[in-house]
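Visitor: Could you walk me through this one, and tell me what lies behind each label?
Guide: Gladly; here it is.

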Amino acid sequence: MSDTPFGFGLPPEEPEDGDDGKKKGGQGGEQGPANPFGFGSGAGGPAGAGGADNPFAAMFGSLNPNDLGAAFQQLGQMLSYEGGPVNWDMAKDIARQTVARGTADGTKDESVGPADRAAVQEAVRLADLWLDGVTSLPSGSGTAVAWSRAEWVEATLPVWKDLVDPVAERVGSAMGDVLPEEMQAMAGPLLGMMRSMGGAMFGTQIGQALGVLAGEVVGSTDIGLPLGPAGKAALLPVNIAALGSGLGVPKDEVRLYLALREAAHQRLFSHVPWLRSHLFGAVEGYARGIKVDTAKLEDAVGQLDPTHPEQLQEALQQGMFQPEDTPEQKAALARLETALALVEGWVDAVVHAAAKPHLPSADALRETLRRRRASGGPAEQTFATLIGLELRPRRLRDASRLWASLTDARGVDGRDGLWEHPDMLPTAEDLDDPDGFVHREQLDFSELDKMLGEAAGGEERAEGSDDRDDREDRKDDERGDGEK
């Protein structure tokens, strides 16, 4: 990763031949970029070496005549974009291209065959059967589907839009704000180009991140958020096979354990109606407090080279996002981390209880998934890249222990009853003192409702009594008038 802000000023790596290399590259040195937009010949660089001599090589590779039309079409798409803050068409195309290239270990995407689809449906059906005995929340998996990596990209893209667009909008506004105020009125075409480039910047980065993530996720809830359609449990057979290949565990057990996790997430998101909005609201609340480093952005815009769009994707990886150091921002982060830990901890505890009696490898699979989740992996990097946020349940083990203790102390119904309202859930402080929370006297909301009802009834009776007194007073007045 380049130390240069956004990676626009220098190549990703310093040339091995020092100053001579810098002169050949046409950038760097004390004089700055001699040809900031890269058109025309370089300052002595070998022909066809990319850079200034081949301005599109960085984006399209060597300009094979057969690729020339596609090259100009993609560049035209990037510069003519007039949509929202993210060029989502470009993001989807790049994600699909990244998926098609396969993962670093050589695993290629493939269409899901009938055998894999049937195996996933059977695993989810059996997982729901086992979960019925360890949670009071009913099944939330209306359907069970097996996705390819490309299908995962298509199915989760709408949710990524909701998560990323607010931050991208602020970055787009910041790109216009870095121009001097007196220039903004005269810089309409330039601002339009900057918006297009900003949309392409986000679209390229998001597309690559989602393409990489699609090569590693095993379902629709890996990151603790429901990325797929509601009520649809989804697993990716090709990634499940890759995950299980080095574990020494039978493939059927790996698939079934992951089906348990997916089905458990679906129960929470389907039958805790406020949970989805609570989690997404926590992400959005945190994102609202992120500020853009306008100094780095201004430096990047000053060195903007439209012929090197591959460098634009580095913009989101160079410390552009900075969380506000305010009590509100810290509270938003704590709320999000606690919510993620509680979701993942509940799933971990419930799945372990369901799997332990049936799967010999339950303990080993649990530890593997815990480490994979706690270390962040692709999900953490994706969110850190896209919105400056690490979706890591840092207190997963603490939350899992708390849910297990609640099961022992209050039973399954008492434990799951805490999901009825967000105010009933454990807090970050409760994760510090789980025993104190577990044995704390429970609030009986039914008694509270009864008290409120009695109070309301008392007020009605009092109002009725007042009305009767008023009527009696009026009658006495009338009798007195008659006697007179």
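Guide: Helices (H or I, at least four residues) and strands (E, at least two) are DSSP runs, numbered from the N terminus. This is a predicted model, where local features need pLDDT of at least 70 and side-chain atom pairs count only at pLDDT 80 or more, while totals for chains, interfaces and linings use all residues. Residues are numbered from 1 along each chain as its sequence is written, and side-chain values use heavy atoms, leaving out hydrogens and water.

Visitor: Which residues of H5 are buried?
Guide: Val 120, Ala 123, Val 124, Ala 127, Asp 128, Trp 130 and Leu 131. Buried means under 20% relative accessible area, exposed over 50%, partly exposed in between (1.4 Å probe, protein chains only).

Visitor: What puts them on the same side of H5?
Guide: They cover an arc of only 160 degrees around the axis, judged by the directions from the helix axis to the C-beta atoms, so they share one side of H5. The face turned away carries the exposed residues Pro 114, Ala 115 and Leu 129.

Visitor: What makes the span of H5 close to the expected one?
Guide: H5 (residues 114-131) has 18 residues and reaches 26 Å from its first C-alpha to its last, close to the 26 Å expected. The expectation is 1.5 Å times one less than the number of residues.
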